[in-house]
Amino acid sequence: MDAEVVGTRARSVVAASAREISADGPGWVLRSGVVADIEAIAELRADVMRADLERLGRYDEHRVRQRLRDSFSTRYTSVIEVDGELAGCVTVRPADGMQWLEHFYLAPRHQGRGLGAAVLRSVLGRTDAQGMAVGLHVLQGSAARRLYERHGFVMESQDPIDVFMVRPPGATRGAAAQA
């Protein structure tokens, strides 16, 4: 899920502008990331990605945190809060004529309860409204791939570590209509 993207000055169409309450029900909000969030999100990333990175022989205690620190942007990152506490984050950055979904992590205690799907629906609703495709990288064998496929992402290419996926605007609606 960690695309290495060379920056652009355009603003993401999906970053939370300040504090945004979910339309998918009470309990979670997206707020703009701030510099003070970096270390907590770096720890979250290390926790969430550890098992997949170890399985792929790629876990490095320092590098897993440093990659987040090096690419963190308050401009493009939204923090997911549940009942006022950090539950995750999502970064959506414009590049290559599309939006790049990166750094989408949920704390393990919030996984498997529909929060990831709700946040993803919110993010994709905004990219759809702008007519933007969304791209991402997900680690080979990651359970997150199923979430992305359910929301209209399809594999474009892969290597031994990453699967590159793309979702054209409105793909979720089309996929739901075919189901």
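What pattern does the protein chain follow when read along the sequence? The protein chain runs β-β-α-α-β-β-β-α-β-α-β-β-α. This is a predicted model, in which local features need pLDDT of at least 70, side-chain atom pairs count only at pLDDT 80 or more, and totals for chains, interfaces and linings use all residues. Residues are numbered from 1 along each chain as its sequence is written, and side-chain values use heavy atoms, with hydrogens and water left out.

**Whole chain**
- The secondary structure comes to five helices and eight strands (DSSP runs, H or I of at least four residues for helices and E of at least two for strands, numbered from the N terminus).
- Of the 179 residues, 51% count as buried, meaning under 20% relative accessible area with a 1.4 Å probe, protein chains only.
- The accessible surface is about 8900 Å², and 51% of that surface belongs to carbon and sulfur atoms (Shrake-Rupley method, 1.4 Å probe).
- Among contacts (heavy atoms within 4.5 Å) between residues at least 6 apart in sequence, 62% join residues at least 24 apart.

**Helices α1 and α2**
- The axes of α1 (residues 38-55) and α2 (residues 63-71) come within 8 Å and cross at roughly 135 degrees; axes are lines fitted to C-alpha atoms over the stretch in contact, and angles run from 0 to 180 degrees between N-to-C directions.
- Residues making the contact include Ile 38, Glu 39 and Leu 53 of α1, and Arg 63, Val 64 and Leu 68 of α2.

Definitions and conventions
Buried < 20%, exposed > 50% of the residue type's maximum accessible area, 1.4 Å probe, protein only.
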